[in-house]
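Colleague: Could you take me through the surroundings of the ligand in close detail? I'd like to hear what sits there, and then what lies beyond that spot.

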Amino acid sequence: MQWLCLSCCLMHFCGQTTSFDLNIKTRDRECIKVQCIRLHIKETEMLCLRDFIVFISVIVLIVQSSDGSEIIGGKEVQPHSLPFMALLQRPLCGGILISPTWVLTAAHCADIKEVLLGVHSIKESETESRQVREVVSHVRHPCYDAENYANDLMLIKLDKPVSQTKTVKCLNLGKTVRDPAAGTSCLVAGWGKTNNMGRKMSDVLRSVNVTVIDRVLCNTGEYYSLNPVITSGMICAGSDGKNVADTCEGDSGGPLLCNGELIGVTSFGQKCGLIKKPGVYSFLSQKQLKWIKKTLDKSEI
Ligand SMILES: *[C@@H]1O[C@H](CO)[C@@H](O)[C@H](O)[C@H]1NC(C)=O
């Protein structure tokens with residue numbers, strides 16, 4: 001089983017994924033996909049501790065090259081229509097308020113000091129709508145791997161609970177999350193860059209609809225070519241084939257919402273708005289939801 005899996009991964013690396021897609025029946029293809037991904041996860045878990053040590057040095061690189069995360073092709077949202085959106089700084093990232101004291105974001109958004117809730121326009125003072133909190137602790141996913149972006153999730157604890165108002169509201173996590181089918185339309189939002197040029201972020205919160213892309217397709221040579229491997233813990237989503245739609249730098253840590261449900265967290269991408277290099281989102285699988293619940297429960301004691 002092991003070497004079968006290994007050879008499947010090697011074949012993938014040799015750029016043969018396309019032929020899998022074309023010549024092998026779906027059931028077999030699924031099997032190959034699962035085996036390949038399983039090996040990858042094993043490696044990730046083994047490397048988990050070691051990577052924790054090299055974590056700090058890698059983070060700088062990630063933050064500077066995480067171009068996959070300003071809203072491209074989107075539009076300004078109705079102010080405060082996404083009241084769970086958090087603005088994290090510095091670096092600038094998005095986040096999701098999931099309880100009065102916890103914000104979910106991406107693990108690569110390291111060193112966040114301050115969390116702002118109820119923001120629409122960054123440059124306005126918005127004293128009526130905003131609540132600002134300091135960060136007491138960061139809980140990075142224990143298996144976050146900065147090299148291949150696995151488990152790019154982090155929980156941030158606020159110094160004191162927010163009060164829920166019209167402009168600040170928690171997004172309740174569901175108990176189960178279904179892997180969204182390819183073709184599903186989902187919403188992403190953030191204050192990130194709106195094009196590949198320069199470093200300017202958006203002043204106002206923007207959102208765009210992205211379309212989920214099949215993982216096998218997303219791993220083919222035309223797309224990410226297994227560099228990195230898009231695992232079952234990730235979701236590729238981007239253009240519907242006609243319009244460019246993507247997240248970009250500064251959108252990391254924000255939500256991927258499918259039918260109003262939180263399904264993922266903005267993680268990475270190569271440049272922004274390239275149709276064959278869609279945004280990649282950490283998938284809030286059953287396992288990840290359990291980790292979130294456990295972490296929140298443990299620290300409420
Ligand atoms: C996303 O799609 C929904 C449903 O089709 C639509 O109502 C909404 O305006 C779209 N949002 C954006 C930002 O394009």
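Modeller: By class, the ligand's shell holds one nonpolar, two polar and one charged residues (Ala, Val, Leu, Ile, Met, Phe, Trp, Tyr, Cys and Pro count as nonpolar, Asp, Glu, Lys and Arg as charged, and the others, Gly among them, as polar). This is a predicted model, where local features need pLDDT of at least 70 and side-chain atom pairs pLDDT 80 or more, while totals for chains, interfaces and linings use all residues. Residues are numbered from 1 along each chain as its sequence is written, and side-chain values use heavy atoms, leaving out hydrogens and water.

The shell is made up of Lys75, Ser207, Val208 and Asn209, each with a heavy atom within 4 Å of the ligand. Strand E9, residues 206–213, gives the largest share, three residues (strands are DSSP runs of at least two residues, numbered from the N terminus). Of the 360 Å² of accessible area that the ligand has on its own, the protein covers 41% (Shrake-Rupley method, 1.4 Å probe).

Serine 252 is in the loop between strand E10 (234–238) and strand E11 (255–258). Serine 252 is buried, at 2% relative accessible area (buried means under 20%, with a 1.4 Å probe and protein chains only). Its side chain makes a polar contact of 2.9 Å with that of histidine 108 (a pair of N or O atoms within 3.5 Å, one able to donate a hydrogen and the other to accept it; residues adjacent in sequence count only if both atoms are side-chain atoms).

Notes: Helix = DSSP H or I, 4+ residues; strand = E, 2+ residues; numbered from the N terminus. Buried < 20%, exposed > 50% of the residue type's maximum accessible area, 1.4 Å probe, protein only.
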